[in-house]
Amino acid sequence: MPLTVELITAERVVRVEQGVDALIVPGAEGQLAIYPKHAALMTTLEPGEMVIRRAGQEEAFVVTGGFLEVKNDHVTVLADASEAAEEIDIARAEEARRRAEERIRRYREQADRDVDLARAQAALQRALLRLRVAEQRRRRTTGRPQV
Amino acid sequence: MATIRQLRRRIQSVKNTAKITNALQLVAASKMRRAQDRAVQAKPYSEKLRAVIAGLAAATLDPEKPAHPLLVSREVQTVGLLHITPDRGLCGGLNSNLNRSAGTFVATQREPVEVVAVGKKGRDFFIRARVNVVAEFTDLGDYPAAAQVAPIARLIIDDYLAGVFDRVYVSYPEFVSTATQRPVIRQLLPIEPPKAETLPGESTFAQDYIFEPSPKDVLAELLPRYVETQIYEAILQNAASFQSAQMVAMKNATDNANEITRELTLTYNKARQEQITKELLDIVGGASALEG
């Protein structure tokens with residue numbers, strides 16, 4: 001029996017997919033692939049890319065951390081924030097990256113104590129993650145160059 | 001008796017008021033739909049989280065030896081109250097109901113209460129009542145995002161862990177329907193694990209699960225998230241309640257204004273008629289005096 005996958009954030013239900021062949025998630029202990037008949041599992045997630053594989057097709061999502069539960073071929077992903085690759089706002093992610101880099105630079109150069117380095121680095125990581133996932137999807141789905 | 005000119009001015013003024021309340025009503029109605037949608041959209045996440053924690057709590061948690069500081073109940077010296085209200089008024093009795101309910105709650109506590117206010121109306125109320133407001137969060141907007149709630153949850157959790165509060169309650173308007181919003185006060189910390197709804201035939205939760213990295217680590221991630229979700233839900237309910245209450249209040253105001261306009265117009269027409277009759281009588285009287 002194939003998997004049912006629910007991807008949920010605090011704000012909305014991002015996706016519910018049935019008949020999923022495999023799910024690849026960034027687990028706490030490294031990347032994790034879940035196939036049907038997986039044992040019941042409860043794990044935390046790291047920020048990363050989540051891929052739903054169904055009938056030879058792959059769909060990518062960004063997940064910025066959260067939890068995952070597997071039970072009786074039903075997978076529930078409770079993500080802190082998540083969107084499908086095609087929903088990613090590239091301009092916004094670029095902007096977030098620029099801002100985070102600027103904050104880190106200020107911290108390094110002037111030892112600006114107002115900058116929360118850990119937060120800036122986390123923000124940078126999230127922005128890079130979104131850009132990477134969006135970029136990969138573009139390469140995967142379109143042969144022609146993007147304008 | 002008012003003069004005709006006064007009546008005319010009054011009618012115009014009431015009509016202008018009706019235009020404003022009507023516009024506010026329409027704005028609130030459209031915002032209400034979106035705010036309610038968001039409250040509904042947030043349900044699956046919190047329900048799932050609750051179910052997971054209930055399962056975990058039932059199977060792995062020893063009430064004698066709690067596995068996480070957020071579950072530990074301790075002697076209460078200071079009570080924290082997270083008071084969630086709208087920023088604005090013009091929403092009927094919503095704000096005064098909320099403040100009355102929270103005010104009564106504070107007055108009936110044996111231990112001193114410190115307030116963390118979300119929303120200007122609640123903040124102003126407790127400042128006026130000379131209750132200690134230790135933090136405030138205002139201007140969250142019509143559609144608060146989960147990211148805006150994170151700092152509120154962090155403050156509450158940190159203060160609880162630091163011993164600033166020994167017990168924390170949350171007060172907010174529960175959105176029952178467009179016509180009904182009920183002020184509720186719930187305990188937020190320490191977390192009282194929700195009861196597991198174990199279906200017959202379903203095995204108990206945690207024994208069969210693999211936990212990564214470990215049950216304790218998963219719980220340590222889950223519990224703060226649970227607190228945050230509860231606060232987020234309360235804030236969404238507050239937003240939906242505010243728009244609904246405002247829409248209903250403005251609809252009543254518009255209806256009343258229209259009613260007053262109708263009555264005033266009647267009085268005005270009568271007065272006008274009377275005056276015309278009087279003027280006609282004067283003319284006729286004057287003419288007959290000349291003829292005579």
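This is a predicted model: local features need pLDDT of at least 70, side-chain atom pairs count only at pLDDT 80 or more; totals for chains, interfaces and linings use all residues.
Let's start with a helix pair in chain B. Helix H1 of chain B covers residues 4-41, and helix H6 of chain B covers residues 215-291. Their axes sit 7 Å apart, and the packing angle is about 160°. Anything over 145 degrees counts as roughly antiparallel, so that's what we call H1(B) relative to H6(B). As for handedness, H1(B) and H6(B) cross in a left-handed way. And what is the contact of H1(B) with H6(B) made of? We've got 23 nonpolar residues, 13 polar and seven charged.

Now zoom in on B:Gln25, which is part of helix H1 of chain B. Is B:Gln25 buried or exposed? Its relative accessibility is 16%, so B:Gln25 counts as buried. Skipping neighbours within four places in sequence, B:Gln25 touches B:Met247, B:Met250, B:Lys251 and B:Thr254.

Next up, the cores. The largest nonpolar core holds 50 residues, and B:Leu82, B:Leu222 and B:Ile231 have the most contacts inside it. Several elements give two or more residues to this core, including helix H2 (43-60), strand S1 (79-84) and helix H5 (146-161) of chain B. Which one gives the most? That's H6(B), with eleven residues.

Take B:Leu82 as a close-up. Again leaving out neighbours within four places in sequence, the contacts of B:Leu82 include B:Val116, B:Ile152, B:Tyr169, B:Leu188 and B:Ile231.

How values were computed. Residues are numbered from 1 along each chain as its sequence is written. Chains are lettered from A and ligands numbered from 1 in the order in which they are written. Side-chain values use heavy atoms; hydrogens and water are left out. Axes are lines fitted to C-alpha atoms, for helices over the stretch in contact, and angles run from 0 to 180 degrees between N-to-C directions. Helices (H or I, at least four residues) and strands (E, at least two) are DSSP runs, numbered from the N terminus. Angles under 35 degrees count as roughly parallel, over 145 as roughly antiparallel, 65 to 115 as roughly perpendicular and the rest as oblique. A crossing is left-handed if the near helix is turned anticlockwise from the far one by less than a right angle, and right-handed if clockwise. Ala, Val, Leu, Ile, Met, Phe, Trp, Tyr, Cys and Pro count as nonpolar, Asp, Glu, Lys and Arg as charged, and the others, Gly among them, as polar. Buried means under 20% relative accessible area, exposed over 50%, partly exposed in between (1.4 Å probe, protein chains only). Contact means heavy atoms within 4.5 Å. A nonpolar core is a set of buried Ala, Val, Leu, Ile, Met, Phe, Trp, Tyr and Cys residues joined through side-chain atoms within 4.5 Å.
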